[in-house]
Amino acid sequence: MIPVSPYTLQGKIIVRIIRSLLFFIYVFRGTKWERPRKNFIEDPLHYNWVDIIYFSYKYYYKPPELPEGMLQINSEFIPPVLDYDTPVISISAGGDLMPYAWINEKYCTRLWDDIGADFFGNDIVIANLETPVDSFQSVGLVPEVMLNHMEFNCDESMFDIFNGNKKYKGFDILSTANNHSFDKGETGIINTIAFLQKQNIRHSGTASSWEQQNNFPILERNGIKVAFIAFTYSLNHLEVPLGKEYLCTHIPLNKPGCDLSFIKKQVIIAHERGADIVVASVHYGNAYQLFPGEHIIEISHRLFDECGIDILLGGHAHNIQPVEFYPFTCPVTLRKKQGFVTYCMGDFVAYDIFTWGHLPVWFRIDIGMSAEGAVIKEIFINPVYTSGNYINKNQRDLRFLNAKKLWKQIENNNINTLESIDIKEALYLRSIYEKVFGKLELTA
């Protein structure tokens with residue numbers, strides 16, 4: 001399958017032209033670009049022409065399906081030994097919430113019906129809000145064909161769709177640190193914070209003052225306190241004003257060897273405030289490739305070793321990437337721990353023309369208390385197929401479907417229950433899932 005499937009005639013023509021031009025790049029660079037470019041920072045603020053062409057090549061022509069080199073990550077989970085009556089809490093972690101044109105009341109009435117009860121049914125529910133929500137400024141949607149800088153902003157009706165269509169409890173906390181945080185400037189950040197406060201949703205990664213920056217949420221459930229911090233590697237082509245860096249926690253994580261001292265300070269503050277475990281939403285990495293670059297793996301390991309983060313929830317790549325379990329000694333508590341990183345969960349509430357983006361995953365992460373302190377007890381991976389059926393020529397019916405259940409139905413030839421699901425796409429995405437995760441089942 002080609003990586004992108006535009007839906008309008010104009011979009012198809014534009015993409016065809018772009019792909020024709022990129023064919024010549026494939027002839028000259030194709031074998032070199034089968035694997036990700038080494039140490040690619042992928043920050044529009046610092047792009048050169050080669051960077052722009054490479055990024056376009058990945059999206060429109062041939063995204064890398066191979067790792068940069070030998071993939072040195074450990075996917076083996078070692079379940080801890082806990083008392084039978086230890087307190088346990090469950091965290092639902094989803095990927096990026098993005099303002100695509102198809103995310104509206106007309107097309108998304110059944111979006112959450114198949115998975116909403118499971119996803120929103122856990123003790124703490126978190127995702128990354130990759131757009132401002134500022135009703136005082138114009139709406140900015142992801143265009144069908146991306147040709148230049150995009151500045152996002154969604155309205156309250158779209159946010160209601162993100163938040164479960166008002167059918168479930170909704171999110172407990174959202175990361176607001178990502179490459180679109182500053183799309184509507186300082187006003188957009190302040191108004192988004194105010195909007196989330198009215199919704200009784202905590203946020204992390206943006207702030208209205210220096211004081212608030214370190215007042216990140218620590219949520220307590222069943223006696224276990226979980227701190228949530230968030231940071232982003234880029235603000236696209238924008239920068240926060242000097243002296244107001246508190247507006248968004250912007251750290252150049254895609255640069256090898258970047259300074260992590262601020263993140264360590266936040267982990268120290270989290271433990272001083274009584275946190276048992278620290279979860280970080282990290283917007284970093286490289287888009288439109290199945291495996292993280294070696295510099296992203298290295299920075300993730302440093303976030304464990306040097307900062308003491310327990311769980312890294314990666315976003316930005318727009319498609320799934322592997323997970324890793326990483327043994328480390330926390331520099332703050334001096335405890336030996338087993339860290340967990342999901343390098344990218346993919347786009348969650350979104351509908352891009354990029355086919356890989358139609359298979360996000362969400363994780364249920366169970367946290368228990370051992371004699372030494374909080375530990376990861378168990379992890380469940382939940383792939384989701386984002387079905388985009390056409391009701392008629394101009395209208396889709398977007399639905400999240402439990403992908404494991406769907407793939408089983410297809411195996412059993414239970415086609416009647418699939419309505420007009422794109423079976424070819426669903427099976428192709430299963431091959432992508434298995435390429436990233438293998439036969440991985442993360443249950444203990």
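A pocket is an open set of grid points with protein on both sides within 12 Å along at least five of seven lines, and its lining residues have an atom within 4 Å of a point. In this predicted model, the second largest pocket is lined by 16 residues. Pro80, Lys336, Lys337, Gln338 and Val375 lie nearest the centre of this pocket, which holds about 310 Å³ of space. Two or more residues of its lining come from each of the elements β10 (336–342) and β12 (374–392). The lining of the second largest pocket comprises nine nonpolar, two polar and five charged residues.

The largest pocket has a volume of about 600 Å³. Its lining is formed by 25 residues, and those closest to the centre are Pro44, Tyr47, Phe55, Asn148 and Met150.

The crossing of α1 with α2 is left-handed. On the α1 side, the contact involves Val15, Ile18, Arg19, Leu22, Phe23, Ile25 and Tyr26; these residues meet Ile53, Ser56, Tyr57, Tyr60 and Tyr61 of α2. By class, the contact of α1 with α2 consists of ten nonpolar residues, one polar residue and one charged residue.

Notes:
Residues numbered from 1 in each chain as written. Predicted model: local features only at pLDDT ≥ 70, side-chain atom pairs only at ≥ 80, totals over all residues. Heavy atoms only, no water. 1 Å grid on protein atoms, 1.4 Å probe; cavity = no way out; pocket = protein on both sides within 12 Å on 5 of 7 lines; lining within 4 Å. Points joined across faces, edges and corners; volume = space filled by probe spheres on them. Helix = DSSP H or I, 4+ residues; strand = E, 2+ residues; numbered from the N terminus. Nonpolar A, V, L, I, M, F, W, Y, C, P; charged D, E, K, R; others polar. Left-handed = near helix turned anticlockwise from the far one by under 90°. Contact = heavy atoms within 4.5 Å.
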